[in-house]
Amino acid sequence: MSMHAEASVDIAIVGAGPVGLAAALALASEGRSVALLGLLATPRDGRTVALLDSSWRLLAELGLQDALLEKAAPLAVMRLVDDSGSLFRQPPVEFRASEIGLEAFGWNIENADLTEVLTETAGQRAGLRLLPGLVRSIEPAADSVRLSGDGFAPLSARLVVGADGRNSQVRAVAGIASRDWRYPQVALTGIFTHARDHREISTEFHTRQGPCTLVPLPGRRSSLVWLLDPEAAEAAAALDDATFARRVETQVQSLLGAMSVAGPRGRIPMGGLSVDRFAAGRMALIGEAAHVFPPIGAQGLNLGLRDVAALRDAVAERDDPGAEGAMTAYDAARRTDVRLRTGAVDALNRTLLSDLLPADLMRGAGLLALSRIGPLRRFVMRQGLAGGAAR
């Protein structure tokens, strides 16, 4: 290569969070040259992710299972508790993974631990270059896209993957329209130690302000995601660790006995985002560049990992990964799955925020049906878990 020839790769991924890292590993596995651009960071803010079965299988295929098992706890049972004070309040509903022939619905791991495992594996993968730079300019052309910025030499790629979050630069340059919205909620996150064993049970309390969920971690530890209205969230976030732990213990009805905060706490404003298309030109969107919604039912990062699997399949066995046929196939594969899930999570969240009797009645009747009708419960469990766009 002469001094003046610009570097080129098959695929460039913008954004080095967990979804971008997973995409880099999955796409480099196909023997292509891949560059991952972005600042690698693993902030610990009490956020965890429940990797559902299809996500776990994808990460296992990428060679991560042993490293993840050391840091993750299985979710054998998912329990829903109606704590809304509704007139139609139903008894708790429990879903058992064993009912659908699984050892676990998924495995819960700290976001920071997941990112560290992905980064370490990516650093050793042949054909994958990690460029910890900041992309400033994206210039599409007919047969490639040129990227330049701080901390890396300009390069061109036949496919650019936007894994750069809800304010995606790739999405803007691709001219893909997005719609975003806010909920009157803030999520508080944290990790707790507790006196009682969680017995691999994840418990979601449905309250008037939104869900409050405790998810198992290894040992006598659990992660919290608690949605509150902004004022209540500010007040709770301002509490010292000991007072906050007591407040959470009361909120979860002392389910796990005495609790104490173990590590940093986080606070995340809640909102959603959807896009018109998942690809345009030689650019494809994955993760929060393509969809954002509240942390209900552990769908967010799992949906991003399903984007990764669908993109890998769409470009497989194609000489040109950014060709129009590949982009059309990827867009088609993601449309139904993402829209259905975004709609379902949004609807559930809005019924929780509603004081209207029909919404209460519907939710109450739904939980009652799930608790009483085995086939319906098993169908719902499979819908929530299985991989693939058709579902």
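A residue counts as buried when its relative accessible area is under 20%, as exposed when that area is over 50%, and as partly exposed in between, with a 1.4 Å probe and protein chains only. By that definition Gly-15 is buried, with a relative accessible area of 12%. The structure is a predicted model, in which local features need pLDDT of at least 70, side-chain atom pairs count only at pLDDT 80 or more, and totals for chains, interfaces and linings use all residues. Residues are numbered from 1 along each chain as its sequence is written, and side-chain values use heavy atoms, with hydrogens and water left out.

**Overall composition**

- The protein has 11 helices and 20 strands; these are DSSP runs numbered from the N terminus, helices being H or I of at least four residues and strands E of at least two.
- Of the 391 residues in the protein, 53% are buried.
- Contact means heavy atoms within 4.5 Å. Among contacts between residues at least 6 apart in sequence, 72% join residues at least 24 apart.

**Surroundings of Gly-15**

- Gly-15 is located in the loop between strand 1 (7–14) and helix 1.
- Leaving aside residues up to four places away in sequence, Gly-15 touches Gly-20, Leu-36, Leu-37, Ala-163 and Asp-164.
- Gly-15 and Asp-164 are 149 residues apart along the chain, yet their C-alpha atoms are separated by 4.4 Å.

**Helix 1 with helix 4**

- Helix 1 (residues 18–28) packs against helix 4 (residues 111–123) at an angle of about 30 degrees, and their axes are 9 Å apart. Axes are lines fitted to C-alpha atoms, for helices over the stretch in contact, and angles run from 0 to 180 degrees between N-to-C directions.
- Helix 1 is therefore roughly parallel to helix 4; angles under 35 degrees count as roughly parallel, over 145 as roughly antiparallel, 65 to 115 as roughly perpendicular and the rest as oblique.
- Helix 1 and helix 4 cross in the left-handed sense, meaning that the near helix is turned anticlockwise from the far one by less than a right angle, whereas clockwise would be right-handed.
- Helix 1 contributes Pro-18, Leu-21, Ala-22 and Leu-25 to the contact, and helix 4 contributes Leu-114, Thr-115, Leu-118, Thr-119, Thr-121 and Ala-122.
- The contact of helix 1 with helix 4 comprises 7 nonpolar, 3 polar and no charged residues. Ala, Val, Leu, Ile, Met, Phe, Trp, Tyr, Cys and Pro count as nonpolar, Asp, Glu, Lys and Arg as charged, and the others, Gly among them, as polar.

**Helix 2 with helix 8**

- The axes of helix 2 (residues 53–61) and helix 8 (residues 300–315) come within 9 Å and cross at roughly 50 degrees, which means that helix 2 is oblique to helix 8.
- Ser-54, Ser-55, Leu-58, Leu-59 and Glu-61 of helix 2 meet Asn-302, Leu-305, Arg-306, Val-308, Ala-309 and Arg-312 of helix 8.
- By class, 5 nonpolar, 3 polar and 3 charged residues form the contact of helix 2 with helix 8.

- An open sheet of 3 strands is arranged in the order 3-7-4, with antiparallel pairing; two strands pair if DSSP finds at least two bridges between them.
- Strand 3 (48–52) and strand 4 (73–75) stand at the edges, each with a single partner strand, so one side of each has no neighbour in the sheet.
- Strand 3 pairs with strand 7 (residues 106–110) over 5 bridges in the antiparallel sense, and Val-49 stands opposite Ile-109 in strand 7.
- Helix 4 lies across strand 3 and strand 7, at about 90 degrees to strand 7.
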